[in-house]
Amino acid sequence: MTGLGEAAPAGAMAIWRRLLPVWAALLALLGATLALAYAPLGRFSLVVALGIAVAKALLVVLLFMQLRKPDPLLRLTAFASLLFVAFMLILTFADVLTRAAPTQAGTVLPRSGPDLPAMGRRAF
Amino acid sequence: MSEALVQRDIPDAPAPGESYLTAETGLASWLLTTDHKRIALLYMAAITIFFFLGGAAAVAMRIELFTPQADLLSDDAYNRAFTFHGVVMVWFFLLPSIPNILGNFLLPLMIGAKDLAFPRLNLLSWYIFIIAGTLAIYTLLAGGVDTGWTFYTPLSTAFANGHVLAAAGAVFIAGFSTIATAVNFITTVHLLRAPGMRWFRLPLFVWAIYATSIVMVLATPVLAMVLLLIFAERAFDIPIFDPLRGGDPILFQHLFWFYSHPAVYIMVLPSFGVISELVACYARRRVFGYSFMVYAILWIALVGFLVWGHHMFVSGQSMLANLAFSFLSFVVAVPSAIKVFNWTATLYRGQIVFDAPMIYALGFIGLFTIGGLTGLFLASIPVDVHVTDTYFVVAHFHYIMVGGAVSALYGGLAFWWPKITGRLYPEGWARFGAVMMFFGFSFTFFPMFVMGFLGMPRRYHVYVPEFQVWHVLASAGAVVLAAAYLLPMGYFAWSLVWGRRAPANPWEATGLEWQTASPPPVENFVTPPVVTQAPYGYHPEDAGPPALDRAAHRPQGHQP
Amino acid sequence: MSDAAMPGAALRKPWRSLRRQREAAGFGLWVFLGSEVMFFACALTGYAVYRTLWSEDFAAAARETNVVYGTLNTAILLTSSLTMAAAAEGARAGLRRLTLACLAATIAFGLAFLVVKGFEYREDIEKHLVPGPGFALEAAAAQVFFAFYWLLTGVHALHMSIGLGVTGTLLWQAWRRRRPLRSPAFEAAGLYWHFVDIVWIFLYPLLYLAGRS
């Protein structure tokens, strides 16, 4: 009679016994990322911070959101969007990192003509 | 047509189970329904209204462009007209049309389900759509927007005079409706298939709607966030894309087109599904290369996310990105070509019948091929630099979206009209309308290729007199096209009152939706169907196409 | 267990079995969360691009955020996820008292998060960290950082509020016995809540920990 063919914990104690260690690990990781943020790691500080964030997210996804269950469909759904996030980041950065200097953000070319007066009233 | 014929019982229609149209009556039974078939009709009503509104803007533009001078519209009014045309046609007509009308109606029927997975969410989705549409109409009444449907910054955030916030809000809200419908469709396809309906027994229309839904789920939220960024920058003046304060307007184009290029596939993938059904039925052939059709749909849905930069070849994007996007754009043409070749191969040695839906389908294949091939011109950087922002681009995307998606919508509506309403429309008029749509469309948009290549820029309401002959051709074609759009509305309405009653399967088509009554009962199937074979069983798989001694064609549908 | 007690109450129209319906609620919500991932990914891509372009300015700006409030809120949110997970599992196991208590605790933690956030916003406004005229920092792109700071935390807080509304509704329905504990809604609400938590897990290092070393 269990929902998804997985043995649900019988009582409240069993549930807490399963979940509390996860919570403790999450808080430990939080302490670690806070401490490491002040360590002089240079450019690796971002890598460390994001690595710990990924670890925390995985803990939440696998143990709180029940993705540990052997359900390939749910796993595929959960991680499919990450592929498209990768598409967005890779192709956007393919432009941003290789752009010619005149079109790079922050480059404001000198104006070739005088400022024109704004036309009309902005109405929203 | 004698009265006796109308009243005669249809032998192959199952008797029990009352039709969804008459099971309940009254306005509340429609506005509070959770029946996917009724919600499809609600969408049809709403989307038809938006089609008229967007069409009215197009009519205003075509009248204005009849002469080289400004006659009807000022420059500002012209900007507002084409923006309204774009916003309404993209988000309130093309994107929802086939998925929300035909998809909503047919998806559960085709997979043998009683309803969509979340019926109340389906109704909620319609109400969200109506709220968004109302806001879009408010935008028009309040004075319109002048940014173009793309909301390019810094024009939209710092300079535009129109009601950008209201328009962006309308599109933002419509996104919720899109996502809700898509989640519903995906869950339905995964979990509500009838016994025996394996993945590779799904009709191609279901595959197309499924792939479209995935694209909707993954792309629409990006648009929502982009519009939110625009909204924040315009309303609260916080710097996000402002080049004077460290922002990057090209980044906006990246994020916008990350949505808006896949949105093209949201518009055209469902048409692929419709056309596959029509071609198979009216050629009496199994779809050639069914599994390749499926892989092509999924391939388009995936690679469609990788090509957005071809809208930005002249934006100042880096040359490396230009080359990558150009290459990927050629890659995405391959599965589209596979589909066109497979439709053609399906026709080969088929028993082709030129009924109205088939005429729409053949028109689609021709127009889509032209639209797709000119897409290859635009994917190659040297040509694109030459024709960027000309009527060549306008013609190209209208060939895909109007020649393609709208032809498929009309063909699909004609094909499934007996199933939806239980009535047969007059075939002669329908064929006339279908032929007229093809010619009207070609007269309207083919001249645009020519004048675009000659250098006529888009979004101008005045132009040099050399282009007038092409504009007059286009405007005259638009009159024919408008008539071709209105005619089906006329004979469809006529059929509701005077049309002959349709049997369960008037076209002798395969597919679960034809095995239940026309119109279907509330619970879709009186006895839950069980699937035992692959789709499109128009002839035995190993016996080749049907022999030439096929029964004579009956254009008004099978009469006992 | 409790299925036999009220077999029809939780089962809705197109479904033939409660097991399938529960599966659909979970699956549908996962699909929706995929959509949400793309929603935040869009803004985070913008953040990443600007951080790459203006790394110095972003580091200087990120130092101005209040790391105490940020860390406290992260801890609160992680704890609320714990109670939410317990509530969902309790509902599935039919443990009424555990479910009610944990839902209430989740709401309390969620409200605490928003209160802390409110204090933080007040401090930010007092320090003139709102982009626009009179902005506190000299660095040009610092305003861009704070544009994303306000936008991302604001959108996250909006998601929190929706989550609070859903959780509150479920608590009320469960308390008044309007909704059976076997309903898939508890797990679905839990999934959404955890997702909002995960968003914050990524916002925390990006907005509060940058440029600290």
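**Close-up views of a predicted three-chain model**

**Figure 1. Overall build of chain B.** The model shown here is predicted. Along the principal axes, the C-alpha atoms of chain B fill a box of roughly 75 × 45 × 45 Å. The chain holds 16 helices and 2 strands. Of its 560 residues, 56% count as buried. Take the contacts in chain B between residues at least 6 apart in sequence: 85% of them join residues at least 24 apart.

**Figure 2. Where chain B meets chain C.** Here 33 residues of chain B are in contact with 29 residues of chain C. On the chain B side, the elements giving two or more residues are helix H7 (164-191), helix H8 (204-236) and helix H9 (249-283). H8(B) gives the most, with 9 residues. By class, this side of chain B has 24 nonpolar, 4 polar and 5 charged residues.

**Figure 3. Where chain C meets chain A.** This contact takes 43 residues from chain C and 44 residues from chain A. On the chain C side, at least two residues each come from helix H1 (18-53), helix H3 (67-93) and helix H6 (185-207). H1(C) supplies the largest share, 16 residues. The chain C residues that touch chain A divide into 24 nonpolar, 11 polar and 8 charged.

**Figure 4. The two domains of chain A.** Domain 1 of chain A covers 10-68, and domain 2 covers 70-99. The centres of the two domains, taken over C-alpha atoms, are separated by 22 Å.

**Figure 5. The largest nonpolar core.** In soluble globular proteins, nonpolar side chains tend to be buried together. The largest nonpolar core in this model has 285 residues. Those that touch the most other members are B:Val206, B:Val222, B:Val226, B:Leu269, B:Ile297 and C:Phe145. Domain 1 (10-68) and domain 2 (70-99) of chain A both give residues to this core, so the core lies between them.

**Figure 6. Around B:Val222.** This residue is among the core members that touch the most others.

Terms used: Residues are numbered from 1 along each chain as its sequence is written. Chains are lettered from A and ligands numbered from 1 in the order in which they are written. This is a predicted model: local features need pLDDT of at least 70, side-chain atom pairs count only at pLDDT 80 or more; totals for chains, interfaces and linings use all residues. Domain bounds come from an automatic or database domain assignment. Two residues are in contact if their C-beta atoms, placed from the backbone, lie within 7 Å. Helices (H or I, at least four residues) and strands (E, at least two) are DSSP runs, numbered from the N terminus. Ala, Val, Leu, Ile, Met, Phe, Trp, Tyr, Cys and Pro count as nonpolar, Asp, Glu, Lys and Arg as charged, and the others, Gly among them, as polar. A nonpolar core is a set of buried Ala, Val, Leu, Ile, Met, Phe, Trp, Tyr and Cys residues joined through C-beta atoms within 7 Å. A residue is buried if 20 or more other C-beta atoms lie within 10 Å of its own, exposed if 12 or fewer, and partly exposed in between; C-beta atoms are placed from the backbone.
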